[in-house]
There are 2 protein chains.
Amino acid sequence: MEKVRVVELKKSIFEDNDREAEKLRNELKERGIFLLNLMSSPGSGKTTTLIRTIGALKDEYRIGVMEADIDSDVDAKKISQTGVVSIQLHTGGMCHLDAGMTRQGLEELTEGEIDLAILENVGNLVCPAEFDTGATKNAMILSVPEGDDKPLKYPLMFSICDVVLINKIDVLPYFDFDMEKCRQNILLRNPKAAIIPICAKTGEGMEQWTDWLRTHLQ
Amino acid sequence: MEKVRVVELKKSIFEDNDREAEKLRNELKERGIFLLNLMSSPGSGKTTTLIRTIGALKDEYRIGVMEADIDSDVDAKKISQTGVVSIQLHTGGMCHLDAGMTRQGLEELTEGEIDLAILENVGNLVCPAEFDTGATKNAMILSVPEGDDKPLKYPLMFSICDVVLINKIDVLPYFDFDMEKCRQNILLRNPKAAIIPICAKTGEGMEQWTDWLRTHLQ
């Protein structure tokens, strides 16, 4: 096999955002608002998972959802049908949300009282991981068709998430996806990560996920 | 249905990169190098598609591949097994490649003579679309499990691509994916886009794709 040549390209640093995120996180704690930052690749099933999650929890908590998207409002429309407060954040082409942008969204969202605010971040496994939004907890979805090697290729995303949902387990028979290998790859990046296999379409595994949320919301 | 509130967040502008990209594109044309910029979400099948593409074209063209990744060298290792020149570009956490970064990679890649340089961009439907790499042509892969609505949600990516490969058509029976609706959504964003359904795993549709490349390489 030919040796792989590696060219290192330059990197950015985001100090101010970290400070802003910590400030927001503390403010939310004081106000009794739990902010969940939900991230994934495009098409991993964030919106479908959210709709199921809202259905299971909306009688227990006052929920508000922020749908971040570059340009459309497809998702916010879907979420609004669940009956919870839902707003669309247009990032104007930006590939992620930082704490300042999240704060702008929360100001619109929390005109009424809420217990659980959910940010559906831009579909992207790279940039959202680099910018702390100020969320109480970070969650991500990896779907079976994306492959069990993703924790090796997008290490930062997996390392910053408190919980990883492995979605679309209904199609496991049709893909070369090794659940055990995937778990190992995730734990290699983040030994503390909770890992929950789900199928947002059929509802399988959703109870374990909503139980995780209930535990952390207390 | 509750009305969706929209909050507009700020946008960036990248003037200098456009100039740098145009300069690189002209230089490549003079040197007889065709640079293909291949983009997609994580796990859409870029590397598998590339391996098939190389297999079909390596006796006709001198091919070199640049694998852009944040941290790993998994893909470059796979590509190097095909026998073509392959290098790994580490973006140091960056979510995309701009023309300057692409130029750095090409300088390493084109020590020998090549006809076709392929850049496998970072798996991301957002940022790579915003930065012209200087490529001769832009291609993207949308895989069936991601859904037929992606052109609505990531409009810029679809609008800048000359060709859209719709991959993983072998799993069409297991997903709610409407090929005709997908075509319409793509053409809405980009009426000139070539659309080629493929299955990189089985080889289906690959001849149409390699014919597209042959036509444009002349």
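1. Basis. In this predicted model, local features need pLDDT of at least 70 and side-chain atom pairs pLDDT 80 or more, while totals for chains, interfaces and linings use all residues. Residues are numbered from 1 along each chain as written, chains are lettered from A in the order written, and side-chain values use heavy atoms, without hydrogens or water.

2. Helix pair in chain A. Helix H2 (residues 46–57) of chain A packs on helix H9 (residues 206–217) of chain A. Their angle is about 65 degrees and their axes lie 10 Å apart. Helices here are DSSP runs of H or I, at least four residues, numbered from the N terminus. Axes are lines fitted to C-alpha atoms over the stretch in contact, with angles from 0 to 180 degrees between N-to-C directions. H2(A) and H9(A) are therefore roughly perpendicular (65 to 115 degrees).

3. Residues of the chain A contact. The crossing of H2(A) and H9(A) is right-handed (the near helix is turned clockwise from the far one by less than a right angle). H2(A) brings A:Thr49, A:Arg52, A:Thr53, A:Ala56 and A:Leu57 to the contact (heavy atoms within 4.5 Å). H9(A) brings A:Met206, A:Trp209, A:Thr210, A:Leu213 and A:Arg214. The contact residues divide into 5 nonpolar, 3 polar and 2 charged. Ala, Val, Leu, Ile, Met, Phe, Trp, Tyr, Cys and Pro count as nonpolar, Asp, Glu, Lys and Arg as charged, and the others as polar.

4. Helix pair in chain B. H2 (residues 46–57) and H9 (residues 206–217) of chain B pack at about 65 degrees, axes 10 Å apart. The crossing of H2(B) and H9(B) is right-handed. Among the contact residues are B:Arg52 of H2(B) and B:Trp209 of H9(B).

5. Cavity. The count is 1 cavity of 30 Å³ or more. A cavity is a set of points on a 1 Å grid where a 1.4 Å probe fits but cannot get out. The largest cavity has a volume of about 70 Å³, the space filled by probe spheres set on the points. Of its 15 lining residues (an atom within 4 Å of a point), the closest to the centre are A:Pro42, A:Ser143, A:Glu146, B:Ser143 and B:Glu146. The lining has 4 nonpolar, 7 polar and 4 charged residues.

Definitions and conventions: Helices (H or I, at least four residues) and strands (E, at least two) are DSSP runs, numbered from the N terminus. On a 1 Å grid over the protein atoms alone, a cavity is a set of points where a 1.4 Å probe fits but cannot get out, and a pocket is an open set with protein on both sides within 12 Å along at least five of seven lines; lining residues have an atom within 4 Å of a point. Angles under 35 degrees count as roughly parallel, over 145 as roughly antiparallel, 65 to 115 as roughly perpendicular and the rest as oblique.
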